[in-house]
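The points can be read with the structure alongside.

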Amino acid sequence: LEIALNVTNSAYGYIYHYSEERKEFRLNTWSDGVHDDCSVVEPQTVYSLSKTGCWGEAVRQRKPFMLNDYEADNRFRKGTPEGHVQIKRLLTLPFFSSNEIVAVIGVANKKDNYDDEDVRQLSLLMNNVWKIVEVKTYQRDLEIAREQAEESSEIKSAFLANISHEIRTPLNGLMGMLQLLHKLSPTPEQHEFIDHALRSSRRLLGLLSDILDLSRVEAGKMVIAM
């Protein structure tokens, strides 16, 4: 915003985020001069498009809006609250992302009239700024996704460890009972059944160990020797 004021020789400026869905402006920042000169009691930070005057025209017309004689009668102006900084000239631009307006920048009170060169300067500035914003947002989203993936992996590992333990306990009891049956002189047919049940139980026990090892590898708690 400081750069925007400098390149347009403006006294005041603002940047608002805009929601196409809610048709609502949300303040990002005002220039220091606004804070110094504005005496509006409890100034708003959120505005509905329908309640805005000239500075909302950039959204309504979906293009830069320039007004070099703010004090003259015009159909766009709705007035300002008591104590608001005195506006003489105004230039406001919408910024688009994927064909939606996502932000609005405005500057006011240049000593001379605003012109197309001011529009060009602000457009270039906002395009470059928004590219940085999108990169930062993408990096933040990646970091959040990474943290969520790590948390999910830890939860899965804990779940697998718990379920492995819960299954292993009764399975060991079952295998112990089968081994006792071996010692009770079963018939050949019963012996075959017991052996089959023991082999199946050992395979299930091995499968549980493999699942638990896999969860440890994914959690980085096991080193694989090549």
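1. Leaving aside residues up to four places away in sequence, Gly-56 touches Phe-25 and Leu-49. The model is a predicted one. Gly-56 sits in the loop between strand S3 (46–48) and helix H3 (57–60). Its relative accessible area is 0%, so Gly-56 counts as buried, the cut-off being under 20%. Gly-56 and Pro-94 are 38 residues apart in sequence, while their C-alpha atoms are 9.4 Å apart in space.

2. The overall fold comes next. The chain has five helices and six strands, and along the sequence they follow the pattern α-β-β-α-β-α-β-β-β-α-α. Of the 226 residues of the chain, 31% count as buried. Among contacts with a separation of 6 or more, 55% join residues 24 or more positions apart. The chain exposes about 15100 Å², and carbon and sulfur atoms supply 54% of that area.

3. Is Ser-97 buried or exposed? Its relative accessibility is 18%, and Ser-97 therefore counts as buried, because the limit for that class is under 20%. Ser-97 belongs to strand S5, which covers residues 90–97. Apart from residues up to four places away in sequence, Ser-97 touches Val-102, Trp-130 and Glu-134.

4. Helix H4 can be checked for length. At 1.5 Å a residue, the 67 residues of H4 should span 99 Å. At the start of H4, a side-chain oxygen of Asp-115 comes to within 3.1 Å of the backbone nitrogen of Glu-117.

5. A nonpolar patch on the surface deserves a look. Which residues form the nonpolar patch? They are Phe-159, Ile-163, Ile-167, Leu-204, Leu-207 and Ile-211, and together they have about 490 Å² of accessible area. Helix H4 (116–182) and helix H5 (188–218) each supply at least two residues of the patch. An α-helix has 3.6 residues a turn, so residues three or four places apart point the same way.

6. Leu-204 lies in helix H5. With 37% relative accessibility, Leu-204 counts as partly exposed, because that class runs between the buried limit of under 20% and the exposed limit of over 50%.

Notes
Residues are numbered from 1 along each chain as its sequence is written. This is a predicted model: local features need pLDDT of at least 70, side-chain atom pairs count only at pLDDT 80 or more; totals for chains, interfaces and linings use all residues. Side-chain values use heavy atoms; hydrogens and water are left out. Helices (H or I, at least four residues) and strands (E, at least two) are DSSP runs, numbered from the N terminus. Buried means under 20% relative accessible area, exposed over 50%, partly exposed in between (1.4 Å probe, protein chains only). Contact means heavy atoms within 4.5 Å. Patches are made of residues with over 30% relative accessible area and no salt bridge: like charges are joined within 9 Å, nonpolar side chains (Val, Leu, Ile, Met, Phe, Trp, Tyr) within 5 Å. Accessible areas come from the Shrake-Rupley method with a 1.4 Å probe; for residues, only the protein chains shown count as cover. A salt bridge is a side-chain nitrogen of Lys or Arg within 4 Å of a carboxyl oxygen of Asp or Glu. The expected span of a helix is 1.5 Å times one less than its number of residues. A polar contact is a pair of N or O atoms within 3.5 Å; within protein, one must be able to donate a hydrogen and the other to accept it, and residues adjacent in sequence count only if both atoms are side-chain atoms.
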